[in-house]
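The sequence and structure are shown here.

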Amino acid sequence: MLFMDDLFKKLNTLIKASLADVVGEDNLPGKPRRRLDPRKLGKDVDREVKTLRESINNALAYEDELQGRVAALEAEVARWDEQADAALKQNDEANARYAVEQMQRAKQRLTMADADLRDHQLVTQELIQRVNMLDAAVADARRAEASDDTPPETSAGSAPGQVLSDVLRDTREKITQMGDLIAAKADVAAASETPGQQAAKVADEQAVEDDLAARRDRLSKR
C-alpha cells in the first residue's frame with residue numbers, strides 16, 4: 001500500500017469519527033442530517049475545514065501523479081515489447097531475452113500502479129464526500145445561527161466543551177503523527193525483500209522463456 005493512500009485512509013477514518021462525535025452518528029452517508037449546534041462550531045472551524053480542502057487538493061494531485069506513472073509504464077512495456085521483436089528478427093537471442101525480462105518487470109510494476117491508482121481513486125472520493133458533508137453541516141449551522149433557529153432538542157453535538165474545530169485540529173495533529181509513522185514503516189519495507197518477491201524472480205525466468213517461444217512462433221509465421 002502506498003504511503004499517501006495509507007495517510008488518506010487514516011484521514012477518512014478520523015473525519016468519520018469526528019462527524020459521529022460532534023455532528024452526530026445520523027449525519028453519516030445515507031441518513032437524514034441533524035443540525036449542528038452553532039455553539040459547537042468553534043472559532044477556528046473555517047481554517048480547519050480549509051485545511052481538509054487542501055488535503056483533497058493533495059489527493060487529486062497525487063492521483064494525477066499515479067496516472068502519469070501508469071502511462072509511463074504502459075509506454076515502457078510497449079517499448080521493450082518492440083525491442084524484443086526487433087532483436088529476435090536479427091537472431092539476437094541475448095538482447096531479445098533481456099528486453100523480455102525488462103518488459104516482464106515493467107508489467108509487474110504496471111499491475112501494481114494500476115491497483116494503486118484504483119485504490120487511491122476510491123479513497124479520494126470518500127475523502128471528498130466526507131469533507132463535503134462536514135462543510136454542509138457547518139453551513140447549516142451558520143444559517144441557523146443567522147436566523148436564530150436552533151432548537152436545543154434537535155441540535156447535534158451536545159457533549160460539554162466539545163467543539164468541531166477542536167476535534168478537527170486533533171484529527172489533523174493525529175494525521176501528522178501517523179504520517180511520520182507510516183513513512184518510517186514504508187522505508188523499512190522498501191529496504192527489505194520478502195521471500196515472495198524472491199520466488200517471483202524465479203517464476204519470471206519461466207515466463208521469459210514462454211514469451212520468447214511464443215514470439216519465435218509468431219514471427220516465423222510472418
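In this predicted model, helix α2 has 45 residues, and the distance from its first C-alpha to its last is 67 Å, close to the 66 Å expected at 1.5 Å a residue. After α2 comes N91, which has a positive phi, near 55 degrees.

**Salt bridges**

Side chains of opposite charge can pair when their charged atoms come close. The model has 15 salt bridges. Three of them are tabulated below.

| Salt bridge | Closest N to O distance |
|---|---|
| D85 and R215 | 2.7 Å |
| E93 and R216 | 2.8 Å |

D85 and R215 form a salt bridge. The pair joins distant parts of the chain, with D85 in helix α2 and R215 in helix α5 (residues 195-220), 130 residues apart. Both partners are buried.

E93 forms a salt bridge with R216. E93 lies in helix α3 and R216 in helix α5, so this pair ties together parts that are 123 residues apart in sequence. E93 counts as partly exposed, at 32% relative accessibility, and R216 also counts as partly exposed, at 33%.

D211 and R215 are both buried. A network of salt bridges links D81, D85, D211, R215 and R218.

**The aromatic pair**

How many aromatic pairs does the model contain? The count is one. W80 and Y98 make up an edge-to-face pair, with 5.7 Å centre to centre and 85 degrees between the planes. Because W80 lies in helix α2 (residues 45-89) and Y98 in helix α3 (residues 93-147), the pair ties together parts that are 18 residues apart in sequence. W80 is buried, at 14% relative accessibility, whereas Y98 is partly exposed, with a relative accessible area of 42%.

**Two buried positions**

A144 belongs to helix α3. Its relative accessible area is 4%, so A144 is buried. The C-alpha atoms of A144 and D37 are separated by 8.4 Å, although the two residues are 107 residues apart along the chain.

S165 is found in helix α4 (residues 164-190). Is S165 buried or exposed? S165 is buried, because its relative accessible area is 4%, and buried means under 20%. Leaving aside neighbours within four places in sequence, S165 is in contact with L41, G42, K43, D44, V45 and E48.

Definitions and conventions. Residues are numbered from 1 along each chain as its sequence is written. This is a predicted model: local features need pLDDT of at least 70, side-chain atom pairs count only at pLDDT 80 or more; totals for chains, interfaces and linings use all residues. Side-chain values use heavy atoms; hydrogens and water are left out. Helices (H or I, at least four residues) and strands (E, at least two) are DSSP runs, numbered from the N terminus. Buried means under 20% relative accessible area, exposed over 50%, partly exposed in between (1.4 Å probe, protein chains only). Contact means heavy atoms within 4.5 Å. Rings of Phe, Tyr and Trp (its six-membered ring) pair if their centres lie within 6.5 Å; planes under 30 degrees apart count as stacked, over 60 as edge-to-face and the rest as tilted. The expected span of a helix is 1.5 Å times one less than its number of residues. A salt bridge is a side-chain nitrogen of Lys or Arg within 4 Å of a carboxyl oxygen of Asp or Glu.
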